[in-house]
Amino acid sequence: MGGDQDPLGPPDTWMLALLWMTVTVTVTVVAGGGPEGAVQFLAVGDWGGVPDPPFATPREVATAAAMGRAATDLGADFVLALGDNFYYKGVRDEWDPRFQETFERVFTAPGLRELPWFVLAGNHDHAGNVTAQLAYSRHSPRWHFPHYYYSLRLSLPGTNASARLLVLDTVLLCGGGDDFGAGGAPRGPQDAEAAAAQLAWLRGRLAAARHDRYVLVAGHYPVWSVAEHGPTACLVQLLRPLLRRHRVTAYLCGHDHNLQFLEEGGVGYVVSGAGNFVEESQQHGGAVPPGALRFFFGAPASPGGFAHLRLDAHAATVTFLEATGRVLYRVALPPRDL
């Protein structure tokens, strides 16, 4: 097979094409331990190591090991990677050694080896070559990043019910920003037409999901957060009304380097950005709706953490776990009223 030709065609051509493309990936799951079974997955953000040897932080290594234990003990059908997959400037190309050094050689626990990863991009990924992360899907059986934004249909085993997971690129939607210091908040999309196309796609997918028992939306930037970055004004304006109107079960994100659960307007907000750094700031505590924050964990000495989600016929249960294995918080979200 020749190595000179990109089967996707010239990047500008297929970039334009994917703006209008709906990608539906059907995940086949094995029933969980209950009589009806469940779909279960791990959600981890901001896990992307460092650009210098050994290319993985002690927190990333500890979190990876704990994710393996959770997958074995609690059950998991896949991993949702919530962006900032490679600090600090993403990857150069699809053969970049960082794929091995920060991903393949770190997430090696037996419970993780066979699990597919569904990936989205964060602001640090956009500082490099995100098309290379898409292309890496051809190189690794674990890495699934079909397009910048895409839809997963999840069948709840043993029932006729389904769930929908809509994966967004909030950097294309809102613009770039920096986690560390001077970069500040997202400055608006580089390509307003592409942002509008993604938003139109999302509206269509949410309307089409009206019969799904659960609808989850995932992106890198938070809608609500009490931490260093705080709420993302662009998402509060554009995304929050859609989440409420379509009775979305939960929005999952990273970007802030801690674990949070907020609830507002019937929507759960899951921040899981503690895969590589942990920060305790709650400097935007006054910027979220009163009473919205239900849980926060950002102990600087912590070895990291992540979230486990279980969707069954009765509830969508979110469990926040520290890399020690300690359960930090658990909340059960009800099925949507259909």
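## Exercises on a predicted model

UniProt, in an unreviewed entry, places the feature "glycosylation site" at Asn129; such positions follow the numbering used here, feature names are shortened, and annotations may be inferred rather than shown by experiment. This is a predicted model, where local features need pLDDT of at least 70, side-chain atom pairs count only at pLDDT 80 or more, and totals for chains, interfaces and linings use all residues. Residues are numbered from 1 along each chain as its sequence is written, and side-chain values use heavy atoms, with hydrogens and water left out.

**Exercise 1.** Describe the surroundings of Asn129.

*Solution.* Start with the place: Asn129 is in the loop between α4 (123-126) and α5 (130-135). Helices (H or I, at least four residues) and strands (E, at least two) are DSSP runs, numbered from the N terminus. Next, accessibility: Asn129 has a relative accessible area of 24%, so Asn129 is partly exposed (buried is under 20%, exposed over 50%, partly exposed in between; 1.4 Å probe, protein chains only). Then look for neighbours: leaving out residues up to four places away in sequence, Asn129 touches Val91, Arg92 and Asp93 (contact means heavy atoms within 4.5 Å). Finally, the Asn129 side chain reaches the backbone oxygen of Arg92 at 3.0 Å.

**Exercise 2.** Work out the strand order of the open sheet and find its edges.

*Solution.* The 7 strands run β5-β4-β3-β2-β13-β14-β15, with mixed pairing; two strands pair if DSSP finds at least two bridges between them. At the edges are β5 (143-144) and β15 (327-333), each pairing on one side only. Further in, β2 (residues 39-44) and β13 (residues 305-311) are antiparallel over 5 bridges, and Phe41 has Leu309 in β13 as its bridge partner. β14 (residues 316-322) pairs with β15, also in the antiparallel sense, over 6 bridges. These two strands make a hairpin with 4 residues between them, and Gly325 in the turn has a positive phi of about 100 degrees.

**Exercise 3.** Check the span of helix α2 and find what covers its buried residues.

*Solution.* First, the span: α2 (residues 58-73) has 16 residues, which at 1.5 Å a residue should span 22 Å, and the end C-alpha atoms are 22 Å apart, so the two agree. The expected span is 1.5 Å times one less than the number of residues. Next, the buried residues of α2 include Glu60, Thr63, Met67 and Gly68. Their cover includes β2, β3 (78-81), α3 (98-104), β4 (117-119), β13 and β14. Just after α2, Gly75 takes a positive phi of about 100 degrees.

Terms used:
A polar contact is a pair of N or O atoms within 3.5 Å; within protein, one must be able to donate a hydrogen and the other to accept it, and residues adjacent in sequence count only if both atoms are side-chain atoms.
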